[in-house]
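Here's a walk through the charged side chains of this protein, with an eye on who pairs with whom. Have the model open and follow along.

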Amino acid sequence: MKKLEPIRFQAFIALLLTGLSLFPLSAKSQEKHTLSGTVKSSKTGETLIAATIRVTGTKQAAISNEYGFYSLTLATGKYTLDVSAVGFKPFKTTVDLQKNTLLNLSLEDNENQLETVTISAGTGKRSLENPQMGMERLSIAETKDIPVLLGEKDVIKTMQLLPGVKSAGEGSGGFFVRGGGADQNMILLDEAPVYNATHLLGFFSTFNSDAVKNATLYKTGMPAQYGGGLSSVLDVKMNDGNNQKFGVSGGVGVIAARLNVEGPIQKEKSSFLISARRTYADMFLKLSKDSSTKNAKLYFYDVNAKLNYILGDKDRLFLSGYFGKDVIAGDKLSGINWGNATSTLRWNHVFNSKLFSNTSIIFSNYNYTIQSNEEESSLSLFSQIRDWNFKEDLQWYANEKNTLSFGINSIYHTIKPGEVRATGNSGVISQSLQNRFSLENAAYVSNTWKASDVFSLTYGLRVSAFSILGKGDYYTLDQSGKVNSTTTYKSGEIVKTYVNLEPRLAASFQLNNSTSLKASYVRNAQNLHLISNSNASSPTDRWVASTNLIKPEISDQFSLGYYKNLAEGAYELTVETYYKNLQNQIDYRNGADVFTNEPIETQLLFGKGRAYGAEFLLKKKTGRLTGWIGYTLSKSERKIDGINNNNWYNARQDRTHDISIVAMYQLSSKWTLSANWVYSTGNAVTFPVGKYKLLGHSYFDFAERNADRMPSYHRLDLGATRLLKQTKKFSSELNFSLYNAYGRENAYRITFRDNPSDPNRTEAVRTTLFRFVPSVTYNFKF
């Protein structure tokens, strides 16, 4: 990458400060004061994300940040404020602003309101004004009635019903965003990276709905504080815990049970949260008469915990953690287990009414073990990725026109690609692939400038530096992919540093009170890569960091959007188009082996990619009937020397059409009905074009990669929720769902084999996972 010339850097700084310089201090501006504080729930004390504070009779407003903090600069005088948030009763309050004033706001839960679905939190007018595009925000309340597999409510499953977000496969927790791979999504839980966000081979996500407050997905225009993911950022925030009163909630379903306990440590000052979930499919296996099945293991569990302390008006301390594990194993035979562990220590500090700080120390660990046991020997494969992470984020509400964000981030990565442990007469020698160490640093700054009542601009820059560290061997390869030379580095020695400039630019222009246009450009760089030969992410896929040969992946995305509020805000229409240019994309050589003892670089090829498409979303936000219709038309391709004669070919996640229809109907105060229907073009796959026989065995011949298609996928899910009891102290409900209601035999996998009766003929074998999957779940809260 070319070095940034000094004159260009100076020009960028000048642009960054333009918004501030257009509004110099004057006698009039010195008469202004700042109103600031925190917005929270009066019932639980939870801070509220994206609450709107509007000044009645003006166009001035503030939005609470991800920690509930807001700041609003106004001239001296008396004002009426309209305060609102999704799922809470709006209210008005007055303030006489004669000096900088701290005003904490509490909202009451709107328990009597019929459930509404508002995917983009806040009011329609805010979404029209904000330059941010490609953002979807969900609270758990907005997912509770949507029918899903086996009744386990899931933020990721709900996100997959939105345009531009595609499921990785039947029942899978993985997802693709705007033509990117499953590993190109940066998934965060209370700021900690989660490297495998799935349970039971992808059928469930790691996010227990009882522990989650809010989830925000950025498909484009990611704010500058986010980095490391090429296609999207999914930022999941855990509940803080009720600091008003003790409470217990949970549920029992067909496959899993959940329990959530929260309450104050010191009322209104501190609180705790413990949330746990476990499946019990293995208990049903014990009913089998077959001894191997009876003693098999098939389960997952996860635990979320959080403590938070209000140290004063200006300080708040959080400590959160997550631990989850999956176990799949036969009776004294092979098996696999994998799990995530994360922890976050976070300190919020308000320096003054205009400057907010969040400081975090974060730990993340993901590992898996594959085990094979026999009577006289055993063999296991262990792999791990572990991070230590420091972040400092600041927000400066400079004036009523400008909000600046800036900060730093430093992550120390340790990757164990594979460690083989063998005992007995397995015939395998214990060995370890070399551990890889790296340091990822970043600094960023951005400004949101409200230039006028109809035009807003967000511009900024993230600078990332990825340093590959010793100790270890690093290689050069010849044209055939064989090792040409090896260089050995000592512990802590820098092998190579990649520096990338990642600019951000977004603008919004309001055509009228109900219509706006938006445009954005964002560059992202990614230095951790998942080496996978399947469409859906698997726990045994191999994470590798950038090396002297594996360069950082880079994405440049351009987006345009049209936004329209219809029928006084009852409906919302969103149309977004995008084009994404991809550099340093990774794919396998023909015949590659991910578990080879050779350097992984010998199995890979590198090239470029492109993805483009259009997304349409029509939402009904109010009334008894709510929901949305989403449609995506898209294309995702790669061009890598050595594959398909160096021509463009379909990426594995390429799908032309995706349709989702989601509806929820409040039949009465006791019953809520729901349904969703999805359709998608089949994934791109490689099928054999011929076969040959050698020594009595058939071998298939493959031609162009990803030139074929899986059959189209479609499915109808139905759901109903019956409120059993609701008082101030206790509530309970039954949730019924039917997954794949008309029994569509969707193909999970298609394999080829010789016809048993005529070996000269080849037959395709379709594997189907789910047909007519009913479930019932009992939920309670007291």
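## Ground rules

A residue counts as buried when its relative accessible area is under 20%. Take K621: at 8% relative accessibility, that cut-off makes K621 a buried residue. Keep in mind that this is a predicted model.

How many salt bridges does a search of the whole structure find? The count comes to 33.

## E191 and its two partners

Let's start with E191, which pairs up with R346 in a salt bridge whose closest N and O atoms sit 3.9 Å apart. R346 is part of strand β23 (residues 335-352), while E191 is in the loop between β12 (185-189) and β13 (192-193), so this pair ties together parts that are 155 residues apart in sequence. Neither end is out in the open: R346 and E191 are both buried.

E191 also forms a salt bridge with K391, and here the closest N and O atoms are 3.2 Å apart. K391 belongs to strand β25 (residues 377-399) and E191 to the loop between β12 and β13, so the bridge links parts that are 200 residues apart in sequence. Again, both E191 and K391 are buried.

Since E572 lies in strand β37 (residues 571-588) and K621 in the loop between β38 (604-620) and β39 (625-640), the pair ties together parts that are 49 residues apart in sequence. E572 counts as buried too, because its relative accessibility is 8%.

Some salt bridges share partners. Which residues do they join into one network? The members are E46, D190, K213, D240 and K306.

D183 sits in the loop between β11 (175-177) and β12. D183 is buried but has no salt bridge, and the nearest side chain of opposite charge, that of R652, is 7.0 Å away.

So what does lie by the D183 side chain? One of its polar atoms is 3.0 Å from the backbone nitrogen of L530. Leaving aside residues up to four places away in sequence, D183 touches Q526, L528, H529, L530, W543 and E553.

Technical notes: Residues are numbered from 1 along each chain as its sequence is written. This is a predicted model: local features need pLDDT of at least 70, side-chain atom pairs count only at pLDDT 80 or more; totals for chains, interfaces and linings use all residues. Side-chain values use heavy atoms; hydrogens and water are left out. A salt bridge is a side-chain nitrogen of Lys or Arg within 4 Å of a carboxyl oxygen of Asp or Glu. Helices (H or I, at least four residues) and strands (E, at least two) are DSSP runs, numbered from the N terminus. Buried means under 20% relative accessible area, exposed over 50%, partly exposed in between (1.4 Å probe, protein chains only). Lys and Arg count as positive and Asp and Glu as negative; His and the chain ends are not counted. A polar contact is a pair of N or O atoms within 3.5 Å; within protein, one must be able to donate a hydrogen and the other to accept it, and residues adjacent in sequence count only if both atoms are side-chain atoms. Contact means heavy atoms within 4.5 Å.
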